[in-house]
Amino acid sequence: MKFFKARVLLWPLLLITVLVVAGTGAAFAFGGLNALALSSLFTSTSNERDSQVIQSVTRVQEVALLSLHIEGVDRHESNGEIFGVAIPASEKTTLVQYKLDAKLGIDGSQVKIEPTGPDSFRVTIPQFIGIGFDDPVFEDPLENNNALSWLAAPAVQTRMINNILSDENKQKYITQNAAALKEQAKVFYSGIIASVDPEITIDFEFAG
């Protein structure tokens, strides 16, 4: 009787155990499926969007008169210091080799063409400007380091590039090529006016 009672009492325990195991397996299976579903949901392709609004449009009449092909090397030097005194053997030299085309010209909207007689005109040319740079190429920087050069501040390549493309350099190119710019401006506007009337006399006046 005791054995029979023990068998009868074991059935609920076995049944509960089976249900728990089955439930646990189902939970794992369901959780795994959910994980796969979530994984497939969140690994879908993504994209980025850049929204821009044009606030204004400005008409420009830049006239390129010269294009200069320039090749050079920009040099940056630095050294470590202690209390404002340079540390010996701490010099660092960085070189960036570059080539580009510098375009020089004028703002065509500022050119004035005025009659000075029945068959003569005066053309007033504004100051020359640097229009921009075409096809700039910058090589990887080269460094020349001394024994203690790690104490010196490293060169910033973007700053070196900005220096190469600076307005100061544009003005230098204009000054160096002022005569050629004036000559090209005369050729350009003389050709336009001569196409209308080749008998017209033209006098040029340059700003600055």
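Leaving aside its neighbours within four places in sequence, with which residues is Ile 113 in contact? Ile 113 is in contact with Phe 121, Arg 122, Val 123 and Ile 193, where contact means heavy atoms within 4.5 Å.

## Basis of the report

This is a predicted model, in which local features need pLDDT of at least 70 and side-chain atom pairs count only at pLDDT 80 or more, while totals for chains, interfaces and linings use all residues. Residues are numbered from 1 along each chain as its sequence is written, and side-chain values use heavy atoms, with hydrogens and water left out.

## Overall architecture

The chain contains four helices and nine strands. Helices (H or I, at least four residues) and strands (E, at least two) are DSSP runs, numbered from the N terminus. From the N terminus on, the order of elements is α-β-β-β-β-β-β-β-β-α-α-α-β.

Of the 208 residues of the chain, 23% count as buried; buried means under 20% relative accessible area, exposed over 50%, and partly exposed in between (1.4 Å probe, protein chains only). The accessible surface of the chain comes to about 15600 Å², and 57% of this surface belongs to carbon and sulfur atoms. Such areas come from the Shrake-Rupley method with a 1.4 Å probe, and for residues only the protein chains shown count as cover. Among contacts between residues at least 6 apart in sequence, 74% join residues at least 24 apart.

Strand E5 (residues 112-117) and E6 run antiparallel and are joined by five bridges; two strands pair if DSSP finds at least two bridges between them. A hairpin connects E5 to E6 through two residues. Within this pairing, Thr 124 in E6 is the bridge partner of Lys 112. On its other pairing, E6 runs parallel to E9, with six bridges between the two strands. There, Val 123 has Phe 204 of E9 as its bridge partner.

Ile 113, the residue of the opening question, is found in strand E5. Its relative accessibility is 43%, so Ile 113 counts as partly exposed. The C-alpha atoms of Ile 113 and Phe 204 are separated by 9.4 Å, although these residues are 91 apart along the chain.

## The nonpolar core

In soluble globular proteins, nonpolar side chains tend to be buried together. A nonpolar core is a set of buried Ala, Val, Leu, Ile, Met, Phe, Trp, Tyr and Cys residues joined through side-chain atoms within 4.5 Å. The largest such core here has 24 residues, of which Ile 106, Ile 125 and Tyr 189 touch the most other members. At least two residues of this core come from each of strand E1 (62-78), strand E4 (92-107), strand E6 (120-125), helix H3 (167-176) and helix H4 (178-196).

Beyond its neighbours within four places in sequence, Ile 125 is in contact with Ile 106, Val 111, Ala 185, Tyr 189, Phe 204, Glu 205, Phe 206 and Ala 207.

## Aromatic pairs

Four aromatic pairs are found in a search of the whole structure. Rings of Phe, Tyr and Trp (its six-membered ring) pair if their centres lie within 6.5 Å; planes under 30 degrees apart count as stacked, over 60 as edge-to-face and the rest as tilted. The rings of Phe 128 and Phe 206 have centres 6.2 Å apart and planes at 35°, so this pair is tilted. Because Phe 128 lies in the loop between E6 and strand E7 (129-138) and Phe 206 in strand E9 (residues 201-206), the pair ties together parts that are 78 residues apart in sequence. Phe 128 is buried, with a relative accessible area of 14%.

Phe 188 and Tyr 189 form an edge-to-face pair, 5.0 Å centre to centre with 85° between the planes. Phe 188 is partly exposed at 34% relative accessibility, whereas Tyr 189 is buried at 7%. Ring pairs also link Phe 128, Phe 204 and Phe 206 into a cluster. Over the ring of Phe 206 sits the charged end of Lys 182, 5.6 Å from the ring centre; this requires NZ of Lys or CZ of Arg within 6 Å of the ring centre and within 35 degrees of the ring normal.

## Ile 129 in strand E7

Ile 129 lies in strand E7 and is partly exposed, with a relative accessible area of 28%. Apart from neighbours within four places in sequence, Ile 129 is in contact with Lys 103, Leu 104, Gly 105, Ile 106, Asp 107 and Ile 174. Its C-alpha atom is separated by 9.7 Å from that of Tyr 173, 44 residues apart along the chain.
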